[in-house]
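Please look at the sequence and the structure before reading on.

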Amino acid sequence: MVNAVIDDKSGRRRFVAGLMGGAVLAAGLPARAAPVSATKWPGQPIRLVVGYPPGGGTDTVARLLAQQFSDSLGQQVVVENRPGASGTIATQQVVRSAPDGYTLLFATASPLTGAPLTMKGLQYDPMTDLEPITLVGNGPFILVANPAFPPNTLPELVAYARQHPGQVNYASPGNSTANYFFCELLNMDAGIKTVNVPYKGSSALVNDLIGGYVQYTLETPGTTLPLIRQGKLKALAILHDQRLAKAPDIPTAVEAGFPQLVGGSWYGLLAPAGTPRPIIDKVQQATVAALKTPAMRTALEERDVLAQGNTPEQFRQFIEAEYRKWKDVTSRIGIQPQ
């Protein structure tokens, strides 16, 4: 059960660390309209809200899916970028939207499993204010560095950071992202201290990494591999249990002696709580159909994203499991909500 407490200063309920699945409703949210009939859905354009700027990996996958939706549903699907606060601004917007199937959230782990562990005063509960629809896809991170950064492998990075405690920095898309959690997990398990420099999204982060303002980061293959081939970045390791067929020269973190560093980004679709189940099912079915098209599969494979497409119930279980995993990590690291 998730617990809720009252913040005396704001008078609002806030999410407090605990097992997912409890009912926490943020005070001050507008009353929901009565659920609409699903028989005529979709009868107007659909908004697909993305919590990151245009041009990044999340935005790219969202736009690929939006195009497939537009074709299969017979309605325009418009991607709306609402970056900031690790995706929570976009999530809050969707939570407050009418549960009519015309506003959907294209989310990463950050606002669903990271923010509840790292942010005080969160104005929504991911498990009660949103309806999971389906897991769209996932893929591993690659640890990349500026070419001028001395280490060329993960073990060399660890050794260098030990020799320069607190002087090495890494970039993340925010303090609630999987990128951040994995970097901090590396710090804890390797006994090193590197400094997080948070960004609002991948585009600015990668630009600063190329420019040498930050030294390393974790990012998706779709974003990093072209830059690695161009010599603008160098790869130290991939957070996977096997090497990528496209980049067999990049060693895995497992090979480097860090078996716990396996994972990366994932993308999922959600709707405001109260959205009629027939609409949820239509979106889920349209997503699964889109993921099976050759064009979509090819586009995702080019970005090393593995297509998924599970049921709403399975996606909910997946989110709950991810939350428990990162709750354990943040507890071990000693990260407190701020």
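Ala, Val, Leu, Ile, Met, Phe, Trp, Tyr, Cys and Pro count here as nonpolar, Asp, Glu, Lys and Arg as charged, and the others, Gly among them, as polar. With these classes, the lining of the second largest pocket divides into five nonpolar, 10 polar and one charged residue. The model is predicted.

**The chain**

The chain has 338 residues, and 54% of them count as buried. It holds 10 helices and 13 strands. Of the contacts between residues at least 6 apart in sequence, 76% join residues at least 24 apart.

| Pocket | Space | Lining | Classes in the lining |
|---|---|---|---|
| Largest pocket | about 430 Å³ | 24 residues | 13 nonpolar, six polar, five charged |
| Second largest pocket | about 230 Å³ | 16 residues | five nonpolar, 10 polar, one charged |

Which residues lie nearest the centre of the largest pocket? They are Asn-138, Gly-139, Pro-140, His-240 and Leu-306. Helices α5 (178-190), α9 and α10 (312-333) each supply at least two residues of this lining, as do strands β6 (130-140), β12 (264-272) and β13 (306-307). The largest share comes from α10, with four residues.

In the second largest pocket, the residues nearest the centre are Gly-55, Gly-56, Gly-57, Gly-222 and Thr-223. Two or more lining residues come from each of α1, α6 (202-211) and α7 (221-229). Helix α6 gives the most, with four residues.

**Helices α1 and α9**

Helix α1, one of the elements in the lining of the second largest pocket, also packs against another helix. The axes of α1 (residues 57-73) and α9 (residues 294-302) come within 11 Å of each other and cross at roughly 175°. How are the two helices oriented to each other, roughly parallel or roughly antiparallel? Angles over 145 degrees count as roughly antiparallel, and α1 and α9 are therefore roughly antiparallel to each other. On the α1 side, the contact is made by Val-61, Leu-64, Leu-65 and Gln-68. On the α9 side, Ala-295, Met-296, Ala-299 and Leu-300 take part. By class, the contact has seven nonpolar residues, one polar residue and no charged residues.

Definitions and conventions. Residues numbered from 1 in each chain as written. Predicted model: local features only at pLDDT ≥ 70, side-chain atom pairs only at ≥ 80, totals over all residues. Heavy atoms only, no water. Axes fitted to C-alpha atoms, helices over the stretch in contact; angles between N-to-C directions. Parallel < 35°, antiparallel > 145°, perpendicular 65-115°, else oblique. Contact = heavy atoms within 4.5 Å. 1 Å grid on protein atoms, 1.4 Å probe; cavity = no way out; pocket = protein on both sides within 12 Å on 5 of 7 lines; lining within 4 Å. Points joined across faces, edges and corners; volume = space filled by probe spheres on them. Buried < 20%, exposed > 50% of the residue type's maximum accessible area, 1.4 Å probe, protein only.
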